[in-house]
Amino acid sequence: MRVAFLPIDNRPVCYTLPKLIAQIDEGIEFFVPDRNLLGGLTKNADIEGLFDWICNLPELDAFVLSLDTIAYGGLIPSRRCPESFEQIKQRVEKLKKVLKDKKCKIYAFSSIMRISNNNFNIEEKEYWAKWGEKIFKYSYDGGVDSGDIPQDILDDYIQTRKRNFEINKLYLKWQKEGLFETLIFSKDDCAQFGFNVEEARELEALGGFTKTGADEIPLSLLSRAIEGEIKICPIFLEPDCKHLVSKYEDVSIEDSVCGQIELAGGRVVEEQDADFLLFVNNFRDLQGEIVMGVDTEPFYNNFVVPDKPYMVADVRFANGADNCFIKEFFKNNLSDENFYGYSAWNTSANTLGSLICGAKVKLLAKKYNKDAFKRLQVTRFLDDWAYQANVRQTLKVPDMSALIAGMKSFENVVAEKLNTEIYVTYSFPWERLFEVEVEFN
């Protein structure tokens, strides 16, 4: 199977994670652009270079692509890009023509512009440093009272939203014309109310398909592109709390789980009918977030792995693993063939979409590569558990020597549990603490 994959930017979870997953099946020919062509935190994608890459692709079975990458230069540029609707429309109309010529199934997604609920402007326009929280409140309250937000700032914000929304409606028109096999509008870092929620409802009313999440959606679309249905039985470790809503999302954790399964081309079934079980380490009362100092009740039970295929979505905390769960989980043997993956990165949707994708590729692999699957699991445990839930908390700034020293003891544990040798290096790809890259020597 030949699959082309255009990421949303150059972060590890967007660029290297899909490659790690695709390598699990040597029967997949996986085409991604050179990483230098993609955007980053302060750099826009090389859009003309990406057009050249797309035009020179061989005959494909499927193409998974982030529309934001071509339209704006990436996810973050989609919030900052100063270009007009007409300028962006001209660019994406060119993309439409190129995609038609590819004559393969197109699995695409475009983001509904998020509304960050803080005054950090590292991923937003400059004025977010002073007015971000107030703009979020203005949106959350339905635009009733703008308070003291300067009119020129409010006008710019509303205009940027309107431009992106009109571009999304253009994509929806193309969907109805049959251009896309699947088109997803992603609700990135979504609250329960706000302009982005209203836009999602309007797109749904027009026939569009919206989904809470962002970074994992290309992986969910990759899952969907791989032929074959998977049957999954979700098992919530806190069954009485599966109605609760995760941070940065607007649906219950149960709906998030079921929605991710369905988007990946899977079906929710009872345990006796399942290809594998999906254990969800969900939260009581509220989801914790270690780096933000938001505590929650950790996992305090026994956890014994089943004698049939299973995977684990650890979502008790956002942005990292639950240390208490990991301690209990590691009492089990994780090196047998029934283990289909662990994930705990960022939001619940991020965790679920990537986890299910890896499991589906392993289950349906034409030429299974066991070493590639182990590399995927090493990455998740070192990133989600070792770094996010532990070492990151000891760092004030990106410090490579402190990172390497802090990760060593965790490497030894992961190597033992997965029965593998670990030779890795690390980097801070965006020169901040939020993400670390695990690279295999």
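Two strands are said to pair if DSSP finds at least two bridges between them. In this predicted model, strand E7 (residues 230–236) and strand E9 pair in the parallel sense over 5 bridges, and Ile 235 has Phe 279 as its bridge partner in E9.

How many of the residues of E9 are buried? The count is 6 of 6, so that the strand is mostly covered, buried meaning under 20% relative accessible area. Both faces of E9 are covered, with Phe 276, Leu 278 and Val 280 buried on one side, and Leu 277, Phe 279 and Asn 281 buried on the other.

The nonpolar residues can be followed next. The largest nonpolar core has 115 residues, and those with the most contacts inside it are Phe 63, Phe 329, Tyr 342, Phe 381 and Leu 382. Helix H13 (residues 370–388) supplies the largest share of this core, namely 9 residues. If residues up to four places away in sequence are not counted, Leu 382 touches Tyr 387, Met 407, Phe 410, Glu 411, Val 414, Ile 422, Val 424, Tyr 426 and Val 438. There is also a second, separate core of 18 residues, which includes Ile 232, Ile 261, Leu 355 and Ala 359.

The structure holds 23 aromatic pairs. In one of them, the rings of Phe 5 and Phe 30 have their centres 5.5 Å apart and their planes at 40°, and the pair is therefore tilted. This pair links distant parts of the chain, since Phe 5 lies in strand E1 (residues 2–6) and Phe 30 in strand E2 (residues 29–31), 25 residues apart. Phe 5 is buried, with a relative accessible area of 1%.

Phe 303 belongs to the loop between strand E10 (288–289) and strand E11 (310–314), and the pair, whose members are 24 residues apart, links distant parts of the chain. Both Phe 279 and Phe 303 are buried.

Rings also meet charged side chains. The charged end of Lys 94 sits over the ring of Phe 51, 4.2 Å from its centre, while Lys 362 lies over the face of Tyr 340, at 4.3 Å from the ring centre.

Notes: Residues numbered from 1 in each chain as written. Predicted model: local features only at pLDDT ≥ 70, side-chain atom pairs only at ≥ 80, totals over all residues. Heavy atoms only, no water. Phe/Tyr/Trp six-rings, centres within 6.5 Å; stacked < 30°, edge-to-face > 60°. Helix = DSSP H or I, 4+ residues; strand = E, 2+ residues; numbered from the N terminus. Buried < 20%, exposed > 50% of the residue type's maximum accessible area, 1.4 Å probe, protein only. Lys NZ or Arg CZ within 6 Å of the ring centre and 35° of its normal. Core = buried A, V, L, I, M, F, W, Y, C linked by side-chain atoms within 4.5 Å. Contact = heavy atoms within 4.5 Å.
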